[in-house]
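Thank you all for coming; I would like to walk you through one model this morning, going element by element.

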Amino acid sequence: MSRDRFFLGIVVILALPFALGGCPAAIVGGLAAAGGAGYAANQERGVGGSVDDFAIKTNIESAWIKANPRLQADLNVTVYEGRTLLTGSASTPEMKAQAKQIASGVPGVQAVYDEIEVAPPESAWQSAQDTWITSRLRTEMVFNTSIRSVNYTIETVNKSVYLIGSARSPAELDAATTMARNSPDVKRVVSFVEIRPGMPVAARPATPLPPSSAQDPGAPAAAPATAVEVEKL
């Protein structure tokens, strides 16, 4: 969500445990575990990949502000290994198209997944509910040993959960999407997660690149061209 609605949402999010029946301690504990030392290093993309993705995200947001401040205020950018997910609400189809065009032209962007809806912006309460869904799901992933939670980025907009990142196996991805679709208040789940087995990039030994004719077994699978939408049960 955009920064202004995010911080406003934080003001009311403390009331959500009582409204939605959650547990504040579980969320605080889960977020602490997810954000501890070595978080980026344990991701498949490694520290360098995290820094590169953050730079892409920042450059897109900066370009949006220059072109139209409403883009940065109403829309969200999530980047994983250059694969860029756009979410949020645009007031007009032209605004939606402009956001995608700008993002596509930023250096380092490998693919753009346009999930922007043409609709009025979310209210502060709706944004807070989305934040609660994301936090609760993140906590559940952190404590699920079958899922390497650091490899998943979660974005929730209007109770639709978007997953992007890297799964070690189809079974892990299925576990993650099943967890998301069974999470309370979630309307639907859309996955842009690629399947890539192997150890985290940061943990791999530094070895010379193989000849171009050889296939690196640790190389990522092809990025999904379209979303895999998982209907909520």
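Let me begin with a helix: how many residues does α7 have, and how far does it reach from its first C-alpha to its last? The helix α7 has 19 residues and reaches 27 Å from its first C-alpha to its last, which is close to the 27 Å expected at 1.5 Å a residue, where the expected span is 1.5 Å times one less than the number of residues in the helix. When I say helix or strand, I mean DSSP runs numbered from the N terminus, helices being H or I with at least four residues and strands being E with at least two.

Before I go further, a word on where the values come from. This is a predicted model, in which local features need pLDDT of at least 70 and side-chain atom pairs count only at pLDDT 80 or more, whereas totals for chains, interfaces and linings use all residues. Residues are numbered from 1 along each chain as its sequence is written, and side-chain values use heavy atoms, with hydrogens and water left out.

Coming back to α7, 15 of its 19 residues are buried, so this helix is largely enclosed by the rest of the structure. Buried here means under 20% relative accessible area, exposed means over 50%, and partly exposed is in between, with a 1.4 Å probe and protein chains only.

For the overall picture, the protein has eight helices and eight strands, and of its 233 residues 44% count as buried. Residues 24 or more positions apart account for 74% of the contacts with a separation of 6 or more, a contact being heavy atoms within 4.5 Å.

The connecting helix, α6, covers residues 93-104, and its twelve residues reach 17 Å from first C-alpha to last, close to the 16 Å expected at 1.5 Å a residue. Its buried residues are M95, A99, I102 and A103. These four cover an arc of only 100 degrees around the axis, which puts them on the same side of α6, the arc being that of the directions from the helix axis to the C-beta atoms. The face of α6 turned away from that buried side carries the exposed residues E94 and Q101.

Within β2 itself, which spans residues 83-90, we find T87, and at 0% relative accessibility T87 counts as buried. Leaving aside neighbours within four places in sequence, T87 is in contact with L75, N76, E115, I116, E155, V157 and Y162.

Strand β7 is mostly covered, with seven of its eight residues buried.

Which aromatic pair does a search of the whole structure find? The search finds one, and it is formed by Y113 and F192, stacked at 4.2 Å centre to centre with 10 degrees between the planes. Rings of Phe, Tyr and Trp (its six-membered ring) pair if their centres lie within 6.5 Å, and planes under 30 degrees apart count as stacked, over 60 as edge-to-face and the rest as tilted. Since Y113 lies in strand β3 and F192 in strand β7, the pair ties together parts that are 79 residues apart in sequence. Both Y113 and F192 are buried.

Finally, some loop residues. E81 lies in the loop between β1 and β2 and has a positive phi of about 50 degrees although it is not a glycine; at 25% relative accessibility, E81 counts as partly exposed. K159, in the loop between β5 and β6, has a positive phi of about 70 degrees and is not a glycine either. P120, in the loop between β4 and α7, is exposed, with a relative accessible area of 67%.
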